[in-house]
Amino acid sequence: MIVLFGALIGALTGSTIAKRRGGKRADILQYATVYAILFAIIGLFITLFIHRMAL
């Protein structure tokens, strides 16, 4: 669940940054994709850490 939430927040963050910088549609999609992947990976590590600490 944290991974999906991270990907969603990352996509919104990336698209917002690209829009502020005056990017075109391809730029906005690229930023959204990269930030979504980055935030999903961070969410994955957070999830793994929580599960390891719970055991």
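Biologist: Which residues in α1 are buried?

Modeller: This is a predicted model, in which local features need pLDDT of at least 70, side-chain atom pairs count only at pLDDT 80 or more, and totals for chains, interfaces and linings use all residues. Residues are numbered from 1 along each chain as its sequence is written, and side-chain values use heavy atoms, with hydrogens and water left out. Helices (H or I, at least four residues) are DSSP runs, as are strands (E, at least two), numbered from the N terminus; buried means under 20% relative accessible area, exposed over 50%, and partly exposed in between, with a 1.4 Å probe and protein chains only. By that rule, the buried residues of α1 are Gly6, Gly10, Gly14, Ser15 and Ala18.

Biologist: Within what arc do the buried residues of α1 fall, seen down its axis?

Modeller: The arc is that of the directions from the helix axis to the C-beta atoms. The buried residues line one face of α1, because they fall within an arc of 160°.

Biologist: Against which helix do these buried residues pack?

Modeller: On the other side of α1, Phe5, Lys19 and Arg20 are exposed. Contact means heavy atoms within 4.5 Å, and the buried residues of α1 pack against α2.

Biologist: How many aromatic pairs does a search of the whole structure find?

Modeller: Rings of Phe, Tyr and Trp (its six-membered ring) pair if their centres lie within 6.5 Å; planes under 30 degrees apart count as stacked, over 60 as edge-to-face and the rest as tilted. With these limits, the number of aromatic pairs found is two.

Biologist: Why is the pair of Tyr35 and Phe39 tilted?

Modeller: Tyr35 and Phe39 are also four residues apart in helix α2, a separation of about one helical turn. Tyr35 counts as partly exposed at 26% relative accessibility. The ring centres of Tyr35 and Phe39 are 6.3 Å apart, and the pair is tilted because the planes stand at 50°.

Biologist: Which residues form one aromatic cluster?

Modeller: Tyr31 counts as partly exposed at 27% relative accessibility, and Phe39 counts as partly exposed at 26%. The one aromatic cluster is formed by Tyr31, Tyr35 and Phe39.
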